[in-house]
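Welcome! Keep the view open as you read.

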Amino acid sequence: MTLHLYDTATRSERAFTPLVAGKVGIYLCGATVQSSPHVGHMRSAVALDVLQRWLERSGNDVTLVRNVTDIDDKILAKAAENNEEWWARALRYEREFSHAYTALGVKYPAAEPRATGHIQQMVQLIQRIVDNGHGYEHEGSVYFDVRSLPDYGSLTNQALDDLTPATDSPAEHKRDPRDFALWKARKDSEPETASWDSPWGPGRPAWHIECSAMAKRYLGDEFDIHGGGLDLRFPHHENELAQSRAAGDRFARLWMHSAWVTQSGAKMSKSLGNGLLVSEVLDQYHPAALRLALAGVHYRSMLEYADSTLDDATATWARLSGFVLRASDRVGAPTAEQVWVAELPEAFVTAMDDDLSVPRAFAHIHETVRAGNAALTSGDDEAARSALLSVRAMLDVLGLDPASVQWRDDSSTTGALVALDSLVRADIEARSDARANKDWAAADAIRDRLAAANIVIEDSADGARWSLAADD
RNA sequence: GGUGGAGUGGCCGAGAGGCGAGGCAGCGGCCUGCAAAGCCGUAUACGUGGGUUCGAAUCCCAUCUCCACCUCCA
């Protein structure tokens, strides 16, 4: 079976074939950098990151472009509210998003274009739309003429007349109330730094146009996949598609949308103010646990975020990384190269090829971990080695290989940990002697004392090992 | 009103006509001096009412509830 992906435009799963064999161009709508990233924001990034890793693992060269929208109504409004420069605010939150992506092991995109760096491309695109008869100017602003494009609404199956007309903006100068802005004439209330020259006078780009312009610049007139959160389907993606088609571009061949993170069934949202900040979550939990929680649910299913969600993910992470650690100690750690070329179990491949069915893929990972643990117990090193390689290869596809550079615990090589290790080892030896003498009281006293210092002792046939207790 | 989704065991979550995915929690056991970790076993689950079928969580009809988008949102 080859990779099949669900396409929002056709509302069905389709076999995925890149425009150019072996090369995949992906555009992902990134952040509008107006405030701090919350858990929900990370979901589409992690979902597309898994897609990228799976495509690469399947032999493709992936070019993923994830934009930063650093100029829009909200950024200007919030900056004004807080008496700060809009561009300073935008950069501050752009950095927070970058940190969050990095913390979760999301690969760097090939390009991360900012809207403000592409005003020229947007102006050119708007000009083409106007020239083609799909846009019109009114007092320095330019609007998109939705009636002029027969298949407007095709992405989300909307009939123009059924849409509730927007009530938030004056419609008298629009040909149709659903017409949307391409270019906004400068307002005196807005800072001069948020204004650029254009054929229609000074102003700034409206929302939607930046993605059309930047996708074209980096990925061409036609590209493979466009992704984003579910809420972007309409109007954002519908309008992007309309703009690009109106300008004569073919645009995206397949549309992927990731679902919400919800709390008590309701969408996590900036405007609702119920967003769990990434920084808050990472204060309490290992970033791999957060990634695991986000990636572990199918990307098109709602992910209900409850108190137990991260606790569960933490336990799962401990189980996975614990196995990798124990197995590596016993049979040696495969190299990154060996992990990369290892053959993946068929059940795993089938699941991933079926619209990235990560939950099914995970079921197979757990089964392999169980087999690996059993092999460690029974002393079957060959089976343990095979399970270790397989588990790491599968987890690597999900960006969750515990022994990868991203997640490997290198702290044991720091001075403090080396010092601690020698102290704990002395205790472990003392306890071992006590146990040999059946002096259980002394042995337990040592273990209890270490436990009080958050150090966990685990006995095994190979001797005792210690670790710091997991954060929770 | 239009459009797109969802209702699965204590919880999280797959599946989509016939061997009860997987995880967490629980219970029983193995291992252990005791633990921890690990392993084995363990559940009259599929919103409701009808229907089709030898057989339905999966198909059909009806119905209830919830969510999202149509205003900014990943």
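Which residues of α5 are buried? They are I209, E210, C211, S212, A213, M214, A215 and L219. Please keep in mind that this is a predicted model. The points below start with that helix, move on to a sheet, and end with aromatic rings and another helix.

**Helix α5**

- Helix α5 spans residues 209-219 and is mostly covered, with eight of its 11 residues buried.

**A sheet of four strands**

- Four strands make up an open sheet in the order β5-β6-β7-β8, and their pairing is antiparallel.
- At its edges are β5 (135-138) and β8 (203-205), each of which pairs on one side only.
- On average, neighbouring strands of this sheet are turned by 25° against each other, leaving direction aside.
- As a general point, the strands of a sheet are paired through hydrogen bonds of the backbone, in a parallel or an antiparallel way.
- Helix α4 (residues 119-131) lies across β5, β6, β7 and β8, and it runs at about 125° to β7.

**Strand β6 and its partners**

- Four bridges link β5 and β6, which pair in the antiparallel sense.
- H138 has S141 of β6 as its bridge partner.
- The hairpin of β5 and β6 has two residues between the strands, and E139 takes a positive phi near 45° there.
- On to the next pairing: β6 (residues 141-144) is joined to β7 (residues 180-185) by three bridges, and the two strands run antiparallel.
- Across from Y143 you will find A181 in β7.
- Which way do the residues of β6 point? S141 and Y143 point one way, V142 and F144 point the other way, and all are buried.
- F144 also belongs to an aromatic cluster, together with Y152 and F180.

**Aromatic rings and charges**

- How many aromatic pairs does a search of the whole structure find? The search finds 10 of them.
- In general, an α-helix has 3.6 residues a turn, so residues three or four places apart point the same way.
- Why does F97 count as buried? F97 counts as buried because its relative accessibility is 3%, and the cut-off for buried is under 20%.
- Y101 counts as buried too, because its relative accessibility is 7%.
- R66 lies over the face of Y101, at 3.6 Å from the ring centre.
- Elsewhere, R300 has its charged end over the ring of Y6, 3.9 Å from the centre of that ring.

**Helix α11**

- Which residues are buried in helix α11 (residues 346-353)? They are F348, A351, M352 and D353.
- The cover over the buried residues of α11 includes β1 (4-7), α1 (39-57), α12 (358-378) and α13 (381-397).
- Just after α11 comes D355, with a positive phi of about 55°.

Methods: Residues are numbered from 1 along each chain as its sequence is written. Chains are lettered from A and ligands numbered from 1 in the order in which they are written. This is a predicted model: local features need pLDDT of at least 70, side-chain atom pairs count only at pLDDT 80 or more; totals for chains, interfaces and linings use all residues. Side-chain values use heavy atoms; hydrogens and water are left out. Two strands pair if DSSP finds at least two bridges between them. Axes are lines fitted to C-alpha atoms, for helices over the stretch in contact, and angles run from 0 to 180 degrees between N-to-C directions. Contact means heavy atoms within 4.5 Å. Buried means under 20% relative accessible area, exposed over 50%, partly exposed in between (1.4 Å probe, protein chains only). Rings of Phe, Tyr and Trp (its six-membered ring) pair if their centres lie within 6.5 Å; planes under 30 degrees apart count as stacked, over 60 as edge-to-face and the rest as tilted. A charge sits over a ring if NZ of Lys or CZ of Arg is within 6 Å of the ring centre and within 35 degrees of the ring normal.
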